[in-house]
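Visitor: Hi! Could you walk me through this model?
Guide: Gladly, let's have a look together.

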Amino acid sequence: MEFLRPQALEEALSLLAEHPAYTILAGGTDVVVRRREGRLAPEGYLDVTLVPELREIWNGESIFVGAAVTCRELEESPILAAVCPLLAAAASTVGSPQIRSRATLGGNVANASPAADLIPALTAADAQVVIQGRQGTRRAALPDLIQGPGRCALEPGELILGVVLEPFRETARWSFDKIGRRNALAIARMNGAVVLEEEGGQMRNVRLCVGAAARRPVRFRGAEALLEGQNPDKDLFRRAGEAVSQAILEETGMRESSRYKLPVAVEFTARLLENAARRGQA
Amino acid sequence: MKLEFILNDKPVSLEVEPDMTLLDLLRERLQMTGTKRSCGVGECGACTVIVDGEPVNACLYLAGQLPGRWVYTVEGLSKDGKLSALQQAFLDHHAVQCGFCTPGMLMSAKALLLKNPHPTEAEIRRALSGNLCRCTGYEAIVEAVGAAAERGSS
């Protein structure tokens, strides 16, 4: 069993080109579980946790967050606390303290679980995933990259370097929320994030993503349009929730879970928006 | 692969398969059975150990990622045959029922106190949230960690 541990990005990419079938490993919190369940039988491993470029969070014109940054590091990052607290908040709800020590941003994206907690936050923050392959780098929005449960559209030989996102402005209002059977170690039954800007009391540039509700992360454009330019208002938030619920039904059709998820989506969305608006008043 | 790492302050060197889990390495290769095996998928916390200061599930940690790391297990808590203050607090507060979750609880609590010697009750509960106790004796465990913190040593 080959277990490769590149210590530079160039080396990681050339090893990946040489061994495109090897399993890319970071924190192992999905890979080792899938192996145990017999859903994955790695031919070899390519451990990316020693690649310095993937371990960084930096704040230039945009913010870059490396793929091998752990949820603990996201949670505790002073940079994110200042410029994208939404991502830190989402990371603080992942799994358990033990899982957050290990699970990474890149792993959350690459595994493409519909219940992934970072994905709605990254989508609402309008993050672009930076991907490098032999042909160079490309950027992709999460709704384009993630095509279904467990299906992240990476080509052989491509590696997620991290995400870039724009720092939140002072007028930004946001919230993240999650419903599970308990606080820790519960796969989200529903999770979601909203980011908007409040200008003169009106909501602008609303970006709303509800996860664990559809086959892949989507922004709810209909609900966003309802809110655009309006004043925060409880009835309006509920109508936005109804629009989300309707859009989920259109996306998934009636399913066993719909009797639970469709009404919950209404309340869940309304609460997300109320929390974002309340955070604005503080 | 030849693996060298630090286990409970002592250097260890051995030949292992890199895709072996740290849990198997501890229990099957090193016969250190204080770290418990339960769910095997990172959901129960019974196998919690500390790697480079962070609590982790040993069942999800591959040996190939261990070179040069500092690992602490429950066997590393006592010194010269004497229980640590944290272990003593667990006894004093009857925080041990069947005992199966205890090593993991101790290591999660130890990881908390290393970083935050004076946690609030909410911080203690959050730090223990990845550890299940099927006897449901959580109150006594939370009290024990709080008491150890008050005594200022873990």
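Visitor: Before we go on, what kind of model is it, and how is everything counted?
Guide: It is a predicted model, where local features need pLDDT of at least 70, side-chain atom pairs count only at pLDDT 80 or more, and totals for chains, interfaces and linings use all residues. Residues are numbered from 1 along each chain as its sequence is written, chains are lettered from A and ligands numbered from 1 in the order in which they are written, and side-chain values use heavy atoms, with hydrogens and water left out.

Visitor: How many residues sit between β3(B) and β4(B)?
Guide: There are 2 residues between them, and the two strands form a hairpin. Asp52(B), in the turn, has a positive phi of about 50°.

Visitor: What is the strand order in the sheet of chain B?
Guide: The order is β2-β1-β5-β3-β4, an open sheet of 5 strands with mixed pairing. β2 (10-15) and β4 of chain B stand at the edges with a single partner strand each, so one side of each has no neighbour in the sheet. From one strand to the next the twist averages 40°. Angles run from 0 to 180 degrees between N-to-C directions, and axes are lines fitted to C-alpha atoms, for helices over the stretch in contact.

Visitor: Which helix lies across β3, β4 and β5 of chain B?
Guide: That's α3(B), running at about 30° to β3(B).

Visitor: OK, helices now. At what angle do α2(B) and α5(B) cross?
Guide: Roughly 135°, and the axes of α2(B) (residues 85-92) and α5(B) (residues 138-150) come within 8 Å. That makes α2(B) oblique to α5(B). Angles under 35 degrees count as roughly parallel, over 145 as roughly antiparallel, 65 to 115 as roughly perpendicular, and the rest as oblique. The crossing of α2(B) past α5(B) is right-handed; a crossing gets that label if the near helix is turned clockwise from the far one by less than a right angle, and left-handed if anticlockwise.

Visitor: Which residues meet there?
Guide: Ala85(B), Leu86(B), Ala89(B) and Phe90(B) from α2(B) meet Ile141(B), Ala144(B), Val145(B) and Ala148(B) from α5(B). Contact means heavy atoms within 4.5 Å. By class, this contact of α2(B) with α5(B) has 8 nonpolar, no polar and no charged residues. Ala, Val, Leu, Ile, Met, Phe, Trp, Tyr, Cys and Pro count as nonpolar, Asp, Glu, Lys and Arg as charged, and the others, Gly among them, as polar.

Visitor: And how far apart are the axes of α3(B) and α5(B)?
Guide: They are 11 Å apart, with α3(B) (residues 102-115) and α5(B) packing at an angle of about 35°. Their crossing is right-handed. Met105(B), Ala109(B) and Leu113(B) of α3(B) meet Tyr138(B), Ile141(B), Val145(B) and Ala149(B) of α5(B). The residues of that contact divide into 7 nonpolar, no polar and no charged.

Visitor: What about α2(B) against α3(B), at what angle do they pack?
Guide: About 130°, with axes 10 Å apart. The crossing of α2(B) and α3(B) is right-handed. Leu86(B), Gln87(B) and Phe90(B) of α2(B) make the contact with Thr102(B), Met105(B), Leu106(B), Ala109(B), Lys110(B) and Leu113(B) of α3(B). By class, the contact of α2(B) with α3(B) has 6 nonpolar, 2 polar and 1 charged residues.

Visitor: Zooming out, how many helices and strands does chain B have?
Guide: Chain B has 5 helices and 5 strands, running β-β-α-β-β-β-α-α-α-α from the N terminus. Its C-alpha atoms fill a box of roughly 45 × 30 × 25 Å along the principal axes.

Visitor: And chain A, how many of each?
Guide: Chain A has 12 helices and 13 strands. One open sheet there has 3 strands in the order β11-β12-β13, with antiparallel pairing.

Note on methods:
Helices (H or I, at least four residues) and strands (E, at least two) are DSSP runs, numbered from the N terminus. Two strands pair if DSSP finds at least two bridges between them.
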